[in-house]
Number of protein chains: 2
Amino acid sequence: MSSVVVTGAGGFLGRPLLAALMRRGCQVHALGRGAVPQGISKQVIWHPVDLLDRGATRNVLGGIRAEGLVHLAWETAHGGYWHSSANLDWVASSLQMLRDFREYGGRRVVIAGSSAEYDWTGTLALDEERTPLRPASPYGHSKNALREILGAWAPQAGLSWTWGRLFNIYGPYEKPERLVPRVIRTLQGGRKLAFDDGAKIRDFLHVDDAADAFAALYTSHFGGAVNIGSGEPLAIKSFIKEIAECIGRPDLVEFGALPASANEPVSLVASVGRLREEIGWSPQSRQERLRETCEWWQSMAQRTADRN
Amino acid sequence: MSSVVVTGAGGFLGRPLLAALMRRGCQVHALGRGAVPQGISKQVIWHPVDLLDRGATRNVLGGIRAEGLVHLAWETAHGGYWHSSANLDWVASSLQMLRDFREYGGRRVVIAGSSAEYDWTGTLALDEERTPLRPASPYGHSKNALREILGAWAPQAGLSWTWGRLFNIYGPYEKPERLVPRVIRTLQGGRKLAFDDGAKIRDFLHVDDAADAFAALYTSHFGGAVNIGSGEPLAIKSFIKEIAECIGRPDLVEFGALPASANEPVSLVASVGRLREEIGWSPQSRQERLRETCEWWQSMAQRTADRN
């Protein structure tokens, strides 16, 4: 049984990834801040550690001596992470962790990359081969630079690696201030939702699908970067309409009530040929995933209401 | 008076840089491994520290609170540094140092980059604007990635930065196993020097000139990357002949006695328009610098002989 360390294990993507790796027969060691979060399987071995503390992280890695590492942890403060100086800390810590992981016998690593590594000025699907890597933020540059170093060093160090570039992810435990929870909670609360024209095109993937794709990346032998997305271009307006239909309150949504942001890219869609053909992975139906997500937020609201 | 921290201060380039910065009126804090090296001016404030120890380095930076940082330190084991895993440590430490330096009020940073960031497959002079950045080694990728992160982060952090890309440097205190010392010492010892055809083109700059260029970079207000080179394409054969003439033993050199390496780039020459026009800097005459260098190695050999 392959033993694998997951960083950011208590996070939005980390949580379902633990389950996805267990489904694929891995022994999972979870690294996260603080105590075991609620709802994590008892089969997961939890190691509380601050990943920015190299000595502490090194000790944990040395104790586990895992074969695999799936590294998701990064600065995630909503909005702030794009420009935060913490990006430098995370590049530094990631490099040190890679060194230590390899030194303790690690063989295979998967790291969470981002669509922000790509040039966002075009309107074609972002493609691993064809789209230029031209980030526009310290976050994007930091991820891109980390991948560059990993790609140059890993083959010499005898480390197998892949890099999953994330697009728009939604689902349970998402930060409430982000788009999908904001829409769902507003409509479930029976409040009006003012929006811009919703014309921008995005690629929405359920977090359980993204986690499953990462587990598939890990167990594959693929080397290099792979987009993790649905590959389906969807206008934000259409997606919000689907959510509103799902909740049964399409009447509450008002498009065009707010001005559209000129700073956001027109289109951010993953080219998923590599994910489908090289990794052999594709997502579940969006309609079903969306229904689950709306139900999850409904049950959360219910539980919060019950407690009060 | 501007106070400036120099890392790698006891090294080949660091040593003359201390003097060059003092000539420009800076108060110089030198960070290096171990005790003060011989021959360093008493006006330099020496701080022995291991830069891979973040806590120790942070303490030193916090004590100095300098305005400037010239960061030269890196893995330098001859040959080995191109592919060493230590490149990851140096990227990590450099990022942490930048964060700490800025946090303690630092304003201007200059970092030593490398011609190894460029695509080496062409034959034109390597140019900051026109030549693609396409490293072929973990060392080149690490430098390139560090610059990418610095360039994205610095403007937001309120840090002014520049990046000096080094080409071939020679002069006093160079590692004896490198090209120029090897040629000089062999010929000064009266031994035959077998060489390949010497047809490859390089850009040779005296280390005191390179140091002076770095000091000029530091005191300029320029932002971005600048090649530090002579800009003069010189066949290695011609350069060796000049050395041999300088020593008075052209009879000892045998070109074509060894096969030429197919792995080395045909041409590595700096385009120096930016260095000349934006920084207003140009090197001293090579003939004079070469004579000084031969004399320095002669005096070293003499001193070694006197001791034995």
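# Close-up views of a predicted two-chain model

**View 1. Helix H6 of chain B.** Helix H6 (residues 207–219) of chain B has 13 residues, which at 1.5 Å a residue should span 18 Å; its end C-alpha atoms are 18 Å apart, so the two agree. The expected span is 1.5 Å times one less than the number of residues. Helices (H or I, at least four residues) and strands (E, at least two) are DSSP runs, numbered from the N terminus. H6(B) is mostly covered, with twelve of its 13 residues buried. Among them are B:Val207, B:Phe214, B:Leu217 and B:Tyr218. The buried residues also include B:Asp208, B:Asp209 and B:Asp212. A residue is buried if 20 or more other C-beta atoms lie within 10 Å of its own, exposed if 12 or fewer, and partly exposed in between; C-beta atoms are placed from the backbone.

*Note on the model.* This is a predicted model: local features need pLDDT of at least 70, side-chain atom pairs count only at pLDDT 80 or more, and totals for chains, interfaces and linings use all residues. Residues are numbered from 1 along each chain as its sequence is written, while chains are lettered from A and ligands numbered from 1 in the order in which they are written.

**View 2. Chain A as a whole.** Chain A has nine helices and 14 strands. Its radius of gyration is 19 Å, close to the 19 Å that the globule rule gives for 308 residues, so chain A is as compact as a globular protein of that length. The radius is taken over C-alpha atoms, and the rule is 2.2 Å times the number of residues to the power 0.38. Along its principal axes, the C-alpha trace of chain A spans about 60 × 50 × 35 Å. Of the 308 residues of chain A, 46% count as buried.

**View 3. Two domains of chain A.** Domain 1 covers 3–169 + 204–228, and domain 2 covers 174–203 + 232–271 + 285–307. These bounds come from an automatic or database domain assignment. The domain centres, taken over C-alpha atoms, are 27 Å apart. Across the boundary, 15 residues of domain 1 are in contact with 17 residues of domain 2. Two residues are in contact if their C-beta atoms, placed from the backbone, lie within 7 Å. On the domain 1 side, strand S10 (residues 204–206) supplies the largest share, three residues.

**View 4. Where chain A meets chain B.** Here 23 residues of chain A are in contact with 23 residues of chain B. Helix H3 (86–103) and helix H4 (138–157) of chain A each supply at least two residues of the side that touches chain B. H4(A) gives the most, with eleven residues.

**View 5. The axis between the chains.**

**View 6. Tyr173 in chain A.** A:Tyr173 sits in the loop between strand S7 (168–170) and helix H5 (179–188) of chain A. Phi of A:Tyr173 is near 70°, a positive value in a residue other than glycine. Most residues other than glycine have a negative phi. A:Tyr173 is partly exposed, with 18 other C-beta atoms within 10 Å.
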